[in-house]
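Dear colleague,

I am passing on the structure below, followed by some notes on what was found in it. Please have it open while you read.

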Amino acid sequence: MTHSIAFNFEDGVTRFIDANPDETVADAAYRQGINIPLDCRDGACGTCKCFAEAGRYDLGDEYIEDALSAEEAEQGFVLTCQMRAQSDCVVRVPVASDVCRTRQASFEATISNLRQLSDSTIALSIKGEALSKLAFLPGQYVNLGVPGSEQTRAYSFSSLQRDGEVSFLIRNVPGGLMSSFLTGMAKAGDSMTLAGPLGSFYLRDIRRPLLLLAGGTGLAPFTAMLEKIAEQGSEQPLHLIYGVTNDFDLVELDRLEAFAARIPNFSFSACVANPDSQHPLKGYVTQHIEPRHLNDGDVDVYLCGPPPMVEAVSQFIREQGIAPANFYYEKFAASAA
């Protein structure tokens, strides 16, 4: 049985390898053409020191204190020349991907489904045999090529990969290059390219309650995360607050209801900022964060939305005098070009 190892490089590129239980992660990486930092292979120099963000592994006792201290090992640092995976793992590598002679993976696919969910939101699905080899961490994004141009746009996956198909929630920007293509020219069967996966915003091991905060199409990474949580289960309470500007911006509520039915300890609320809204819950996301959601700081907060929302939530949490155990966020801004 092999285990999947995700390497997250400091330039945002993520690459996956398979590791056998009897081989070190470093040996598995080199076997598959990813040359992570390495020198002695004996646990003596510390050159291969990385940080394990998720997963179970064994480091043995063959390395020396100068290479990896007991305190570092307790924090989650590892020597990949000694690390043997006992489950799927996520490893943060402190160098750029090109230093390790690797690069973003590129894929070709075709449009399998295209729907305008509202005036402001487009749902896009693409499918292809090449995508069956695409691996990513729920919450990550790719650069999607705009057909007929040399430009790309970054979009978070809104689903897991299934049978070579992935999906995205895309904000419809009037005059935007990708938006104009999707609303004016795109049809099923059209070819598209994507490169990635990328990003450090992804679901970590769930060890405490989660508070998920989504702004607009920042909902996308959370629906991918919730698909994963629905598959693997979680004993921790999870609450999502989804905020938009206008009533017509609210999308995928039925999908969130389905997640609430599948995940016993998951709940969500949606709010609309426009004071003229007909929605029962009005205001901004920060107005609907309750003390129980912050759990006296024993909570992991995930936030995806436009920069002003990220700043407002950060300030709100500081004003509560609470420091979450972890605060992960992804800022995005729609391109008008």
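Contact here means heavy atoms within 4.5 Å, while helices (H or I, at least four residues) and strands (E, at least two) are DSSP runs, numbered from the N terminus. This is a predicted model, in which local features need pLDDT of at least 70 and side-chain atom pairs count only at pLDDT 80 or more, whereas totals for chains, interfaces and linings use all residues. Residues are numbered from 1 along each chain as its sequence is written, and side-chain values use heavy atoms, with hydrogens and water left out.

The buried residues of α3 pack against β8 (105–118), β9 (121–127), β10 (141–145), β11 (152–156), β12 (165–171) and β13 (191–198). Within this helix (residues 177–184), Met178, Ser179, Phe181 and Leu182 are buried (under 20% relative accessible area, with exposed being over 50% and partly exposed in between, for a 1.4 Å probe and protein chains only).

Turning to the rings, the structure holds 9 aromatic pairs (rings of Phe, Tyr and Trp, the last by its six-membered ring, with centres within 6.5 Å; planes under 30 degrees apart count as stacked, over 60 as edge-to-face and the rest as tilted). The rings of Phe136 and Phe157 have centres 3.7 Å apart and planes at 10°, so this pair is stacked. Phe136 lies in the loop between β9 and β10 and Phe157 in the loop between β11 and β12, 21 residues apart, and both are buried. Phe201 and Tyr302, by contrast, form an edge-to-face pair, at 6.0 Å centre to centre and 70° between the planes.

With regards
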